[in-house]
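Student: I have just opened this entry and have not looked at anything like it before. Could you walk me through it, and start with the terms?

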Amino acid sequence: MLNPTKRDRALLYAGIIAFALFAVVPYYWILRTSILTNFAAISPDTGFLPLGELTLDPYFAVWADFAFPLYFRNSIIVAFGATLISLFFAIPGAYAFARLDFPGRQALFYTAVFTIMFPWIVLTIPVYEVFYFLNLVNTLPGIVIALSIFVLPQNIWLLQGFFRQGIPENIEEAALIDGHNELTAFMRIVLPLSAPAIGAAALFAFLTAWNNFLWVFVLTSDEGVRTATVAIHYILGSDVLREWNTLMASVVLLVAPPVIFYGLSRRYLGEGLGGSPGG
Amino acid sequence: MAQEQGRTADQIRERYGIGERTLTDRIKDNWVGYLFIIPTFIAFTGLFYFPIARGVFMTFTNASLGVTGEFIGLDNYAWLLTNDLFFYSFGWTIVFVFGTTFTQLGLGVVAALLLNELREVAKDWVGVLIMSPYFSAPLAGGVIWMWFLDSNFGFVPKLFGLFGLTAPSFLAGDFWPFVSLIVAQTWHDYAYSAIIYAAAIVSIPSEQYEAAALSGAGRLRRFRDVTLPHLLIPTIVILSLRTAWNIAEFSQPFALTGGGPGTQTMLMSILTYRVAFVNTNFARAYTIGMAMVVLSMSAAVIYVKAIDQEDDLYV
């Protein structure tokens, strides 16, 4: 007979293992396919843990067979651009929401809440129309603008939470007494103190933009401006003989950066990790 | 009267207790606030307020790609209410959202409670593993599950084979595609509620547990009387946010079944996409979208009420 504490521990570990398996086994399956030869990937005889048939060739084939250097380059460009633009808007906005009081703040804040919960697919329609008239469809600047709206609300949430809780109010009061005004107090005192939070928000924005499919998919049709997510969708849908191992290698390359970076930064970001719909 | 003439306006206000600042005073005092909010306001106007208003106006016209369209009254709504596929996708969306939201909530709270029992270092690393699906690209999530469930090459059918069973085809037939979509979506997003719950559980003061233990409360009792009340607001927050986001979910279902086979698993988000960008009928697509907007905005109202109760926002 197990005593109650031991039984509790056993139950705890069983639960943890069940969760870990549910979370990781789907990942494992693409990882396994991505390091098999093309023949082994589709052979019914290949086992669950095919240690004898491993190869890294698919990871080299990713770069040779498709235009993945271009797609990943586009992913990096648009994610970087969207991060910079959204931070430029989000930092002062979040500070105003968190610390400053002005008539209309509450109303603006609530509309901001509504935007974060608005179904993005619906918003793409009028935005597409606007971009169409501005000739921004099928261009990298257009994607950058669209993705920066996509990450703006979450950046505001993350940063306003930090400004609200992470910076003691008397720091600004002290700065005001020292002869700063609100503007210089913000620039000289608050901003330097917020560097880690802004860094976290930047990382988060970058990876959300990197992960995004909907906006790029809707706004592009040219191969030259595709990002990696959209390229994988098109390769899956194309009629060419599929090289599953190469395709899965590209999925691994797409999924690995956000999972690893979020994993490493999780403890620093805490509950701010809420984020927004993957859309 | 003669005395009052010597006073300034401020003194008079003070004397009669009407010293409250007027709106113009507050605006003058807080001009810095406006300075800080203007970039955000411009961005929201250009990319949220205006497009949303334009879209609502669009539903009364026959606008399509590149065509502004003419005013046609309520024709689009009449079309919507006579469209079988819309009602079908509406019903399936409700089932999908209900199913995913509650399984995500349930798995999330269990994961958070289990993780809370682990020691610090283990908690971090196991936490990373358990939360990892949430951070993958939703489109990749769809591809991953498509491959995981694939009848020929998938893990699950292979596992069935190990026990000499034949797996049903998970992405075809009358029943399994629905289950697959809900399970895959749960996999991708349950970590969101786990993260929120974990933060809520950590913030419960340990004195409350000690006091309960001292007064003789057992494990279950402590959970019911101490933990549960602290989880109420997070639960409402998660329910409303995840409801809105599951309604909006597009990429993962699109990659997994794309609304197929045929139109069998057509969610409203995929239907909106198809009408807008495959049929290029923007006005009708936004009309379908209005149904999604109404659903998610109801969730948003509940959310706003919930965060009003608590100052440290979970946003």
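Tutor: Let us start with contacts: two residues are in contact if their C-beta atoms, placed from the backbone, lie within 7 Å. By that rule, residues 24 or more positions apart account for 68% of the contacts in chain B with a separation of 6 or more, and for chain A the corresponding share is 77%.

Student: Where does the model come from, and how are things numbered?

Tutor: This is a predicted model, in which local features need pLDDT of at least 70 and side-chain atom pairs count only at pLDDT 80 or more, while totals for chains, interfaces and linings use all residues. Residues are numbered from 1 along each chain as its sequence is written, and chains are lettered from A and ligands numbered from 1 in the order in which they are written.

Student: What does the model score, then?

Tutor: Its ipTM is 0.87 and its pTM is 0.87. As for pLDDT, which is the predictor's confidence in each residue from 0 to 100, chain A averages 83, with 92% of the residues at 70 or above, whereas chain B averages 85, with 89% of the residues scoring at least 70.

Student: Which residues of chain A does UniProt list as "transmembrane region"?

Tutor: The unreviewed entry covers residues 12-30, 76-95, 107-128, 140-159, 189-210 and 244-264 of chain A; UniProt positions are given in the numbering used here, with feature names shortened, and annotations may be inferred rather than shown by experiment. Among them, residues 107-128 of chain A are 86% helix, with end C-alpha atoms 27 Å apart, and residues 189-210 of chain A are 95% helix, with end C-alpha atoms 32 Å apart.

Student: And what about chain B?

Tutor: The unreviewed UniProt entry lists several such regions there, including residues 31-52 and 254-273 of chain B. Residues 31-52 of chain B are 100% helix, and their end C-alpha atoms are 28 Å apart, while residues 254-273 of chain B are 45% helix, with end C-alpha atoms 10 Å apart. UniProt also gives "domain: ABC transmembrane type-1" (unreviewed entry) for residues 90-303 of chain B, a span that is 77% helix and 0% strand.

Student: How is chain B divided into domains?

Tutor: Domain 1 takes residues 3-42 and domain 2 takes residues 75-309, with bounds that come from an automatic or database domain assignment. The C-alpha centres of these domains of chain B are 48 Å apart.

Student: Switching topic, how many residues are in contact between chain A and chain B?

Tutor: On the chain B side there are 84 residues, in contact with 78 residues of chain A. Helix α3 (residues 31-58) of chain B supplies the largest share of the chain B side, 17 residues. That side divides into 64 nonpolar, 14 polar and six charged residues, where Ala, Val, Leu, Ile, Met, Phe, Trp, Tyr, Cys and Pro count as nonpolar, Asp, Glu, Lys and Arg as charged, and the others, Gly among them, as polar.

Student: Is E169(A) buried or exposed?

Tutor: A residue is buried if 20 or more other C-beta atoms, placed from the backbone, lie within 10 Å of its own, exposed if 12 or fewer, and partly exposed in between. E169(A) counts as exposed because it has 9 other C-beta atoms within 10 Å. E169(A) lies in helix α8 (residues 169-177) of chain A. By chain, 47% of the 279 residues in chain A are buried, and 41% of the 315 residues of chain B.

Student: Which residues touch the most other members of the largest nonpolar core?

Tutor: They are L147(A), L159(A), V251(A) and A194(B), in a core of 163 residues; a nonpolar core is a set of buried Ala, Val, Leu, Ile, Met, Phe, Trp, Tyr and Cys residues joined through C-beta atoms within 7 Å. Helix α7 (residues 140-165) of chain A gives the most to this core, 15 residues. Leaving out residues up to four places away in sequence, L159(A) touches A90(A), I91(A), A94(A), A197(A) and A201(A).

Definitions and conventions
Helix = DSSP H or I, 4+ residues; strand = E, 2+ residues; numbered from the N terminus.
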